Structures are given as C-alpha cells and as structure tokens.
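Please keep the sequence and the model at hand while reading.

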Amino acid sequence: MAEPGKGVIPGKLAINVQKRLSRAQEKVLQKLGKADETRDTAFEEMVVNFNKQMAEGTKLQKDLKAYLTAVKTMHDASRRLQDCLAEMYEPDWFGKEELDAAAEDIDTLWLDYHQSVTDKSLISMDTYLTQFPEIKNRIAKRNRKMVDFDSARHHFASLQKGKKKDEAKIAKAEEDLGQAQKIFEELNVELQDELPVLWESRVSIYVNTFQNLAGHQEKFHKEMSKLSQNLHDIMTKLEEQRQLKRGCTAAAKTRDGAKSEEANHSESASSPPECAVTNGCKGELPPGFLYKVKAIHDYAATDGDELELKIGDVVLVLAFDNPDEQDDGWLLGLKESSWLENKNISSKGVFPENFTQKV
C-alpha cells in the first residue's frame with residue numbers, strides 16, 4: 001500500500017477515473033446520435049493542417065539528417081582517396097608539396113560544409129519541430145475538455161427537464177457547466193490564435209532552410225572546383241615532366257648511337273650523313289616534342305596562330321616556350337606529315353585538346 005504523501009492520491013485517482021468514464025459514455029451517446037456534439041469545422045481544418053505540417057517537417061528533418069550522413073560518407077571517401085594518392089606520390093615528382101596542401105584544403109572544405117549545413121539548416125529544423133509535441137498535447141486536451149463541456153451541458157439539460165426538479169443539483173450542474181465551458185473556451189481561443197500563425201510559419205522555415213543549404217552548396221562546389229583544377233594542373237605537369245624525361249633519354253640514346261656509328265664507320269666521317277642531306281631522319285622529332293595525338297574531329301582555325309585539323313591527322317604536341325601562355329584546354333603542336341616533309345616547326349599552332357586523343 002502506498003505511503004501517505006507518496007504515489008497517486010486516492011481522491012484524485014477516483015476523479016480521473018470518473019472523468020474517463022463520463023467522457024467514454026458521452027462519446028458513445030454522440031456516436032449513437034443520442035447526444036449532440038459540439039463541432040467546429042474551422043478548427044478541425046486547422047488541426048488537419050497542423051498534422052500535415054508536423055508530418056512534413058518531420059520528414060524534412062529526417063531527409064536532412066540522411067543528407068548529412070551522405071556528406072560525411074563522401075568526406076570519408078574523399079579523405080581515403082587523397083591519402084592513397086599522397087602515399088603513392090613520390091617525393092621527387094612535380095608538385096608534391098602542392099599536392100599535400102591541396103589534400104588538407106579539401107579535407108577542411110568538407111568539414112566546413114558539413115558543419116555549416118548542420119548549424120544553419122538542421123539545427124533550425126530541430127528547433128522548429130520542438131514546438132509541435134506541446135501543441136499536440138494541448139489539442140488533445142482541448143478535445144477532452146470539449147467532451148466534458150458537452151457532458152456537463154447534457155447533464156444540466158436533463159436535470160432541467162426532469163419531472164422532479166432538485167434545485168440544488170440543478171445549481172451544481174449549472175456551476176459545473178460554467179466551469180467546463182470556461183476551461184474549454186480558454187483552450188479553444190488560444191489554439192485558434194496559435195494554429196494559423198504556426199501554419200504560416202512553415203513558409204519562412206522552408207525558405208530559410210533551403211536558402212542556407214543552397215548557399216553553402218554553391219560555396220562548397222565553387223571552392224572544390226578550384227581545388228580540383230589545381231589537382232588537374234599538378235597531374236598535367238607531372239605528365240609533361242615524364243614526357244620530357246623520356247624525350248631526353250631518347251635523345252641521349254640517339255647521341256650515343258651516333259658516336260658508336262661514327263667510330264665503326266670513320267671512313268665516312270668526311271661525308272655528311274644521309275639524314276642531314278635529306279633534311280632529317282624519319283624518326284627525328286622536333287625540339288620540345290612531348291607526345292602524339294590524333295584528331296577525332298575536324299577543327300577549322302579561326303586565328304593565325306591556330307592549327308587546322310582534319311579527322312585522322314596525327315599531331316606532334318610541343319611544349320610551350322612560356323608555360324604561362326598556355327590556355328586551359330589548348331595544346332601547341334604541328335602536323336606529323338608537315339614535319340616529316342619539311343622538318344620545320346614554323347607551321348606549328350595551337351588547337352583544342354578535346355578535338356584529339358593521345359596515340
């Protein structure tokens with residue numbers, strides 16, 4: 001048995017049980033059509049809107065959390081990819097320090113983006129949704145008090161219609177009716193003021209949430225684009241470095257072969273080599289040669305320094321004398337056929353890289 005002063009007070013428990021029984025009885029009578037029910041169509045529409053608003057807000061909150069989880073997953077994948085590249089990238093390769101710095105910047109950018117979306121969008125949505133449970137409880141309470149009001153109203157009416165009127169009971173019933181009506185109307189008025197305001201607030205919440213999200217996305221992708229371009233440039237320079245080293249190695253081998261040939265055939269030293277007479281060997285490459293490409297689209301030159309291409313043309317790509325003069329997406333070169341015929345690089349020109357492919 002509960003000790004005095006602890007647990008549920010017996011008298012209050014009995015009152016609550018009686019209220020539940022009265023409400024249940026009243027609802028049964030209303031469903032059977034034996035008692036009229038207080039109806040407020042406008043308020044019922046507000047409740048429908050409230051439930052819809054709460055469901056939509058909860059779904060948006062859930063999807064925002066899922067989006068942030070995906071951002072975190074992408075961040076982790078990006079970090080592992082950058083770590084892998086850093087481990088494989090040899091110290092003497094071009095741009096090692098720049099590559100490491102870019103990896104740190106990419107990692108920081110992902111962290112900032114995740115935190116910004118959390119602070120400006122998710123937390124705002126969390127705060128917005130905290131008000132719904134309390135209002136939902138008050139709507140339920142208002143509905144219970146409406147049943148109490150209907151029950152008190154019907155009880156008072158039945159006493160007044162009785163053949164034997166008990167004035168004391170009628171007075172008590174009238175007092176209970178007035179009290180029930182007051183409690184119900186106070187809740188009803190409060191909610192009728194609050195629910196339309198809450199319904200309208202959803203617009204500003206959605207606007208702020210997606211404006212902030214879009215703004216952070218734009219900033220993130222703009223900064224990530226710059227870092228990606230830097231990484232692309234480093235890889236391009238690394239490939240150029242490799243091609244130059246390969247060209248130097250080939251040239252050294254050619255010189256060594258020429259010296260050996262001269263030693264083995266000293267008797268022909270006084271006469272110029274056939275290659276010189278014919279203005280160069282077939283395998284000779286122009287200075288600054290990097291690699292070959294083949295045209296996969298026709299390109300009509302629009303300026304005097306551009307190279308005109310036809311599908312199938314093989315082009316010898318050359319290094320720019322000044323790398324700063326190279327525009328993104330453009331290469332410098334001359335057609336292989338022209339070089340083999342004239343051994344002259346004066347016919348070189350620039351052309352769009354995406355009109356060709358390496359061979």
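Which residue in β2 does Phe289 stand opposite? Phe289 stands opposite Leu318 in β2. The model is predicted, so local features need pLDDT of at least 70 and side-chain atom pairs count only at pLDDT 80 or more, while totals for chains, interfaces and linings use all residues. Residues are numbered from 1 along each chain as its sequence is written, and side-chain values use heavy atoms, with hydrogens and water left out.

**Overall architecture**

- The protein chain has seven helices and five strands; helices (H or I, at least four residues) and strands (E, at least two) are DSSP runs, numbered from the N terminus.
- Read from the N terminus on, the elements follow the order α-α-α-α-α-α-β-β-β-α-β-β.
- Of the 359 residues, 28% count as buried. Buried means under 20% relative accessible area, exposed means over 50%, and partly exposed lies in between, with a 1.4 Å probe and protein chains only.

**Packing of α2 and α3**

- Helix α2 (residues 41-88) packs with helix α3 (residues 96-129) at an angle of about 170°, and their axes are 10 Å apart. Axes are lines fitted to C-alpha atoms, for helices over the stretch in contact, and angles run from 0 to 180 degrees between N-to-C directions.
- Because of this angle, α2 is roughly antiparallel to α3; angles under 35 degrees count as roughly parallel, over 145 as roughly antiparallel, 65 to 115 as roughly perpendicular and the rest as oblique.
- The residues of the contact of α2 with α3 comprise 20 nonpolar, 10 polar and seven charged. Ala, Val, Leu, Ile, Met, Phe, Trp, Tyr, Cys and Pro count as nonpolar, Asp, Glu, Lys and Arg as charged, and the others, Gly among them, as polar.
- Ala86 is found in helix α2 and counts as partly exposed, at 27% relative accessibility.
- Ala86 and Leu99 are 13 residues apart in sequence, and their C-alpha atoms are 7.5 Å apart in space.

**The sheet**

- Five strands form an open sheet in the order β4-β3-β2-β1-β5, with antiparallel pairing. Two strands pair if DSSP finds at least two bridges between them.
- At the edges stand β4 (349-352) and β5 (356-358), each with a single partner strand, so one side of each is left without a neighbour in the sheet.
- From one strand to the next, the twist averages 50°.
- Five bridges join β1 and β2 in the antiparallel sense.
- Between β2 and β3 there are four bridges, also antiparallel. Val315 has Lys335 in β3 as its bridge partner, and Leu316 has Leu334 in β3.
- β3 and β4 run antiparallel and are joined by four bridges; the bridge partner of Leu332 in β4 is Val350.

**Burial of the strands**

- Four of the five residues of β2 are buried, so β2 is largely enclosed by the rest of the structure.
- Both faces of β4 are covered, with Gly349 and Phe351 buried on one side and Val350 and Pro352 buried on the other.

**Two loop residues**

- Lys343 lies in the loop between α7 (336-342) and β4. At 14% relative accessibility, Lys343 counts as buried.
- Lys343 has a positive phi of about 50° although it is not a glycine. Most residues other than glycine have a negative phi.
- Leu285 is found in the loop between α6 (274-277) and β1 and counts as partly exposed, at 42% relative accessibility.
- The C-alpha atoms of Leu285 and Leu316 are separated by 8.5 Å, and the two residues are 31 residues apart along the chain.

**The largest pocket**

- The largest pocket has a volume of about 650 Å³. On a 1 Å grid over the protein atoms alone, a pocket is an open set of points where a 1.4 Å probe fits, with protein on both sides within 12 Å along at least five of seven lines. Grid points are joined across faces, edges and corners, and a volume is the space filled by probe spheres set on the points.
- The lining holds 26 residues, of which Thr236, Lys237, Glu240, Gln326 and Leu331 lie nearest the centre of the pocket; lining residues have an atom within 4 Å of a point.
- The elements that give two or more residues to this lining are α5 (167-264), β1 (289-295), β2 (314-318) and β3 (330-335). The largest share, nine residues, comes from α5.
- By class, the lining has 11 nonpolar, six polar and nine charged residues.
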